[in-house]
Amino acid sequence: SSRFPAPPPWGGGPKSPAAGEMAAQFCPTCANLLVIDVGRQTTVSFRCRTCPYIYRIEEKITHKQLLPRKQVDDVLGGEDAWKDVDQTDALCPACSNPRAYFRQLQTRS
């Protein structure tokens, strides 16, 4: 007999997530959220912050999902927005371009 309660027979303990999904794990004793506890010698377990429940993880399960990149909107209006803007003489320290282009926008009323 362990000093920590085992998961109930109806399967209320932590489970491995199915492919593509991740679920929060809850304590079968007090129903609080379990936190991941990394111990010495690379032991990993789910631990309850309220009661002494600990569920030791025995096998390593990893899943990597690459997310598609979002299309970035051109917030400055594209090349047409810079066609008739103000200019001034200013030397760029990075590329030595002698002109600087700018425009003023009202961001708040």
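1. Let's start with a term you will need: a residue is called buried at under 20% relative accessible area, exposed at over 50%, and partly exposed in between, using a 1.4 Å probe and protein chains only. At 72% relative accessibility, Q104 counts as exposed. You will find Q104 in the segment after β5, which covers 99-102. The C-alpha atoms of Q104 and V85 are separated by 9.1 Å, and these two residues are 19 apart along the chain.

2. A word on what you are looking at. This is a predicted model, in which local features need pLDDT of at least 70 and side-chain atom pairs count only at pLDDT 80 or more, while totals for chains, interfaces and linings use all residues. Residues are numbered from 1 along each chain as its sequence is written, and side-chain values use heavy atoms, with hydrogens and water left out.

3. Now the sheet. Strands here are DSSP runs (E, at least two residues), as helices are (H or I, at least four), and both are numbered from the N terminus. Two strands pair if DSSP finds at least two bridges between them. Three strands form an open sheet in the order β1-β2-β3, with antiparallel pairing. Its edge strands are β1 (34-38) and β3 (54-56), each of which pairs on one side only. On average, neighbouring strands of this sheet are turned by 25° against each other, direction ignored; for such angles, axes are lines fitted to C-alpha atoms (for helices over the stretch in contact), and angles run from 0 to 180 degrees between N-to-C directions.

4. Next, follow the pairings. The hairpin from β2 to β3 passes through five residues.

5. Where does V38 sit, and is V38 buried or exposed? V38 belongs to strand β1, and its relative accessible area of 60% makes it exposed. Together with I36, V44 and I57, V38 makes a nonpolar surface patch of about 340 Å². Patches are made of residues with over 30% relative accessible area and no salt bridge, joining like charges within 9 Å and nonpolar side chains (Val, Leu, Ile, Met, Phe, Trp, Tyr) within 5 Å. A salt bridge, in turn, is a side-chain nitrogen of Lys or Arg within 4 Å of a carboxyl oxygen of Asp or Glu.

6. C51 is in no disulfide, with the nearest cysteine sulfur, that of C27, 3.5 Å away. C51 is buried, at a relative accessible area of 16%. C95 is in no disulfide either, and the nearest cysteine sulfur, that of C92, is 3.6 Å away. C95 is exposed, at 53%.

7. A31 is not a glycine, yet has a positive phi of about 70°. A31 lies in the segment before β1 and counts as exposed at 56% relative accessibility. S96, also not a glycine, has a positive phi of about 65°. S96 is placed in the loop between β4 (86-89) and β5, and counts as partly exposed at 49%.

Note on methods:
Disulfide = S-S within 2.5 Å. Areas by Shrake-Rupley, 256 points an atom, 1.4 Å probe, with all protein chains shown as cover.
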